[in-house]
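Please examine the structure shown below. The questions and answers that follow are intended for a reader who has not seen it before.

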Amino acid sequence: MHKDVKEILYSHEQIIEKCEELGKQITKDYQGKELVLVGLLKGSVPFLAALSPYIDLDVTFDYMDVSSYEGVHSRTITIKKDLDHDVKGKDILLVEDILDTGKTLTTVKAMLNERGANSVEIVAMLDKKEGRTYPIEAKYYGFEIPNAFVVGFGLDFDEKYRNLPYVGILKEEVYQ
Ligand code: IMP
């Protein structure tokens, strides 16, 4: 375990098992649809890579960078990178590492609906339900977690720890 991690919440094996479960459900739900997996950079990349092989459909990938987080405090959203393709008439599944306050995904969802997407839903690896301040839910999520600052499997603190193969709670002394 990394020295800055206090506790492992979900192991690599548990995350992969969950991806298989979610992928099978998504495959059932999106039969006959033109599904676009939209990964929110950078945190969703490991989750998107682990989940997508279990989705047995002709999906396409696109990416957006709308980071609203710096350190441990939420900030105003800025679009650093927009989608490469038109979403009109498409079924969009926003792939996110964690759903916390819901601010990022509320903004992105509204934006893609406005552009004429047929549907916009969310798959989040983690759901921090206690942190929610916006009325938004993920259609699919891997694990519900307590209101702690977590890192690993895409999640960072100051751009570090994204490569950890597990999700763990960061020691408070690292960010205090
Ligand atoms: P929201 O807009 O508050 O839902 O925040 C979503 C974004 O905040 C995520 O994509 C993460 O980048 C970041 N975030 C929220 N909670 C954590 C955490 O516990 N660890 C690392 N990043 C987090």
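Q: Which residues does Val150 touch, not counting residues up to four places away in sequence?
A: This is a predicted model, in which local features need pLDDT of at least 70, side-chain atom pairs count only at pLDDT 80 or more, and totals for chains, interfaces and linings use all residues. Residues are numbered from 1 along each chain as its sequence is written, and side-chain values use heavy atoms, with hydrogens and water left out. Contact means heavy atoms within 4.5 Å. On that basis, the residues touched by Val150 are Leu9, Ile98, Leu126, Ile145, Leu155, Val167, Gly168 and Ile169.

Q: Which members of the largest nonpolar core touch the most other members?
A: A nonpolar core is a set of buried Ala, Val, Leu, Ile, Met, Phe, Trp, Tyr and Cys residues joined through side-chain atoms within 4.5 Å; buried means under 20% relative accessible area, exposed over 50%, and partly exposed in between (1.4 Å probe, protein chains only). In soluble globular proteins, nonpolar side chains tend to be buried together. The largest core here has 30 residues, and those that touch the most other members are Ile26, Val123, Leu126 and Val150.

Q: What is the order of the strands in the open sheet of 5 strands?
A: Helices (H or I, at least four residues) and strands (E, at least two) are DSSP runs, numbered from the N terminus. Two strands pair if DSSP finds at least two bridges between them. The pairing in this sheet is parallel, and the order is S3-S2-S6-S7-S8.

Q: How many residues of S2 are buried?
A: One side of S2 carries Leu35, Leu37 and Gly39, and the other carries Val36, Val38 and Leu40, all of them buried. Strand S2 is thus mostly covered, and its buried residues number 6 of 6.

Q: What angle does the direction of helix H1 make with that of S8?
A: Axes are lines fitted to C-alpha atoms, for helices over the stretch in contact, and angles run from 0 to 180 degrees between N-to-C directions. Helix H1 (residues 12-29) packs on the sheet, where it touches S2, S6, S7 and S8. Its direction makes with that of S8 an angle of about 155 degrees.

Q: Is Glu96 buried or exposed?
A: Glu96 lies in strand S6. Among the residues it touches, not counting those up to four places away in sequence, are Leu40, Phe47, Thr104 and Val123. Because its relative accessibility is 9%, Glu96 counts as buried.

Q: How far is a nitrogen atom of the ligand from a polar backbone atom of Val150?
A: A residue is near a molecule if one of its heavy atoms lies within 4 Å of it, and Val150 is one of those that come nearest among the 16 residues around the ligand. An oxygen atom of the ligand lies 2.4 Å from an N or O atom in the side chain of Thr104, and a backbone N or O atom of Asp100 lies 2.9 Å from an oxygen atom of the ligand. For the ligand nitrogen and the polar backbone atom of Val150, the distance is 2.6 Å.

Terms used. A polar contact is a pair of N or O atoms within 3.5 Å; within protein, one must be able to donate a hydrogen and the other to accept it, and residues adjacent in sequence count only if both atoms are side-chain atoms.
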